[in-house]
Amino acid sequence: MSTPRELTYLEAVRECMSQEMRVNEDVFIMGEDIGLYGGAFGVTRGMLEEFGKERVRNTPISEAAIAGAAVGAAMTGMRPIVELQFSDFITIATDQIVNQAAKNRYMFGGKGKVPLVLRTPSGSGTGAAAQHSQSLEAWMAHIPGLKVIQPSTAYDAKGLLKAAIDDDNPVIFYEHKLLYRTKGHVPEESYSLPIGKADIKRAGTDVTIVATAIMVHKALQAAVELEKEGISVEIIDPRTLVPLDIETIVESVKKTGRVVVVHEAVKRGGFGGEIASLIAESEAFDYLDAPIKRLGGKSVPIPYNPVLEKAAIPQEQDIIQAVKDTVFRR
């Protein structure tokens, strides 16, 4: 067992990839500027020096070509890890991901495997504006054959990325840009967390908040403030959208009787609607003392202006107000 230490979220992702590449020669990474430059956010910095150009492969600026090459490599026995510079660019790679990667195992009767991980930074908060700040995870969660992961901590990122690399199915791995510099306890040794198992980030009794990615941290801050007013908040981080651990969410709602679902993606058509529907269809419905509340981004392209950018997505005060609306509803 390693001694306690802290890593940033970014370092945890890099360490996981490096450890897997040291023990499995089939694992390699590919993407735009991931070599000497170290990737758009520096996640792969230093890996070229250790693993060389054959296993740290810079690619042309063509997300469709990157995804297509990765699907082919995965089908022939390799385990590629793709980095897309911004999750917005997944739109360009969609045909290869949705029509090829997701379908192959089913169309060939299980004989074809696609052990592909597509890592990509998502979310707003960096002033990167409308084409570089979206949260499109609900699109990928809609596609049968894809697994979708959204870790919120450095510890979760390392453990879930290893699970994704070990998985024989295509996995979309969303990393929020503003989480890259956050720190947390991360064991030095390799470890794996189960895909499809939620985590209770905070225990409480009055209301359940189901939050994803950076909203987990905003919810935790809101919970501290709400506790000062005597409101006990339980926070569930699904960690993976597909498969979704609805059982943990249902058990929490049965305990608290009230629930707020919060994510950064636009509320309309967002994954919060799926979670709310699953709660309503479950035995937890009979335990609800108030309607299910959803919080999500506004239906606007993410603005460049930092004030408007912040206003476009839920903040701590929005979560506090949503919880109060739910708890004090008569």
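Rings of Phe, Tyr and Trp (its six-membered ring) pair if their centres lie within 6.5 Å; planes under 30 degrees apart count as stacked, over 60 as edge-to-face and the rest as tilted. By that rule, ring pairs join Tyr-9, Phe-41, Phe-86, Phe-89 and Tyr-180 into a cluster. The structure holds five aromatic pairs.

A word on the source. This is a predicted model, in which local features need pLDDT of at least 70, side-chain atom pairs count only at pLDDT 80 or more, and totals for chains, interfaces and linings use all residues. Residues are numbered from 1 along each chain as its sequence is written, and side-chain values use heavy atoms, with hydrogens and water left out.

Start with Tyr-9 and Tyr-180. Their ring centres are 5.9 Å apart and their planes stand at 70 degrees, so the pair is edge-to-face. Tyr-9 sits in helix H1 (residues 9–23), and Tyr-180 in the loop between strand S7 (171–176) and strand S8 (183–185). The pair therefore ties together parts that are 171 residues apart in sequence. Helices (H or I, at least four residues) and strands (E, at least two) are DSSP runs, numbered from the N terminus. Both Tyr-9 and Tyr-180 are buried. Buried means under 20% relative accessible area, exposed over 50%, and partly exposed in between (1.4 Å probe, protein chains only).

Phe-41 and Phe-86 form an edge-to-face pair, 5.6 Å centre to centre with 70 degrees between the planes. Phe-41 lies in the loop between strand S2 (27–31) and helix H2 (47–51). Phe-86 lies in the loop between strand S4 (79–83) and helix H4 (94–101), 45 residues apart from Phe-41. Phe-41 is partly exposed, at a relative accessible area of 21%. Phe-86 counts as buried because its relative accessibility is 14%.

Return to H1. Two packed helices are described by the angle between their axes and the distance between the axes. H1 and helix H7 (residues 154–166) pack at about 30 degrees, with their axes 8 Å apart. Axes are lines fitted to C-alpha atoms, for helices over the stretch in contact, and angles run from 0 to 180 degrees between N-to-C directions. H1 is therefore roughly parallel to H7 (angles under 35 degrees count as roughly parallel, over 145 as roughly antiparallel, 65 to 115 as roughly perpendicular and the rest as oblique).

Finally, turn to helix H11 (residues 306–311), which holds Pro-306. Pro-306 counts as exposed, at 58% relative accessibility.
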